[in-house]
Amino acid sequence: MTSSDLSQLIREFYLERVALLMRHENTATIVTPYDINNAYQYVIAREETHLSWLQHALVDLGTEIPADPPRPAAPPRAKGAWAAEAAEDARLQRAFVERWRPRVEAVTHARHKAMLKIVLGEMLEHERIFAQAAAGRTDLIGTHLAINERRGDVLPTRWVE
């Protein structure tokens, strides 16, 4: 695999990951249960780390970091719509990994290949989180004491200025 081929592969991988991150950010805005919203925030933070790694790989290869793709449409704000979005997020994570795993296996640059494999592995973890969220599980990134009852929902507007 030439440096140019590797650069193109990482660029394509990066752009698809950015699009998924944007989708997850959109979904997080409609997830109302606290623990599930917290799980989305955890996944988004890891995805931002993955994008940083990919940006550094592009710079290492002398490639310009591409502009972000267009942001996907916002999901519906209907009560409970977040569960269907979480199920779709799980499906899209799995599809990404299945599509990219063979291409990553063909990478000959050891450091970049290892980084890409770590990203794919963590994406499978995130797929599990999204699937469990869609099923209504709240113990996605830990449990809370029974005395710490969760009441209410996450507000639809995060910042008021």
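1. Glu47 and its contacts. Setting aside neighbours within four places in sequence, Glu47 is in contact, meaning heavy atoms within 4.5 Å, with Arg17, Leu21, His24, Gln93 and His126. Glu47 is found in helix H2, where helices are DSSP runs of H or I with at least four residues, strands are runs of E with at least two, and both are numbered from the N terminus. With a relative accessible area of 0%, Glu47 is buried; the term buried stands for under 20% relative accessible area, exposed for over 50%, and partly exposed for values in between, with a 1.4 Å probe and protein chains only.

2. Basis of the model. The model is predicted, and local features need pLDDT of at least 70, side-chain atom pairs count only at pLDDT 80 or more, while totals for chains, interfaces and linings use all residues. Residues are numbered from 1 along each chain as its sequence is written, and side-chain values use heavy atoms, with hydrogens and water left out.

3. Ile44, also in helix H2. Ile44 lies in helix H2, which covers residues 34-60, and it counts as buried because its relative accessibility is 7%. Apart from neighbours within four places in sequence, the residues in contact with Ile44 are Leu21, His24, Glu25 and Ala28. For Ala28, which is 16 residues from Ile44 along the chain, the separation of the two C-alpha atoms is 9.0 Å.

4. Aromatic pairs. Rings of Phe, Tyr and Trp (for Trp the six-membered ring) are paired if their centres lie within 6.5 Å, and a pair is called stacked with planes under 30 degrees apart, edge-to-face over 60 degrees and tilted for the rest; by this rule there are four aromatic pairs. One of them joins Phe13 and Phe96 in an edge-to-face arrangement, with 5.0 Å from centre to centre and 75° between the planes. This pair links distant parts of the chain, since Phe13 belongs to helix H1 (residues 3-28) and Phe96 to helix H3 (residues 81-105), 83 residues apart. Phe13 counts as buried because its relative accessibility is 0%, and Phe96 likewise counts as buried, at 1%. Ring pairs also bring Trp100 into a cluster with Phe13 and Phe96.

5. A charge over a ring. The charged end of Arg17 sits over the ring of Phe96, at 5.8 Å from the ring centre; the criterion is that NZ of Lys or CZ of Arg be within 6 Å of the ring centre and within 35 degrees of the ring normal.

6. Asn26 in helix H1. Asn26 is found in helix H1 and, at 10% relative accessibility, counts as buried. Not counting residues up to four places away in sequence, Asn26 touches Arg71, Pro72, Ala73, Ala74 and Pro75.

7. The protein as a whole. The protein has four helices and zero strands, and its C-alpha trace spans about 55 × 35 × 25 Å along the principal axes. Buried residues make up 40% of the 161 residues, and, among contacts between residues at least 6 apart in sequence, 82% join residues at least 24 apart.
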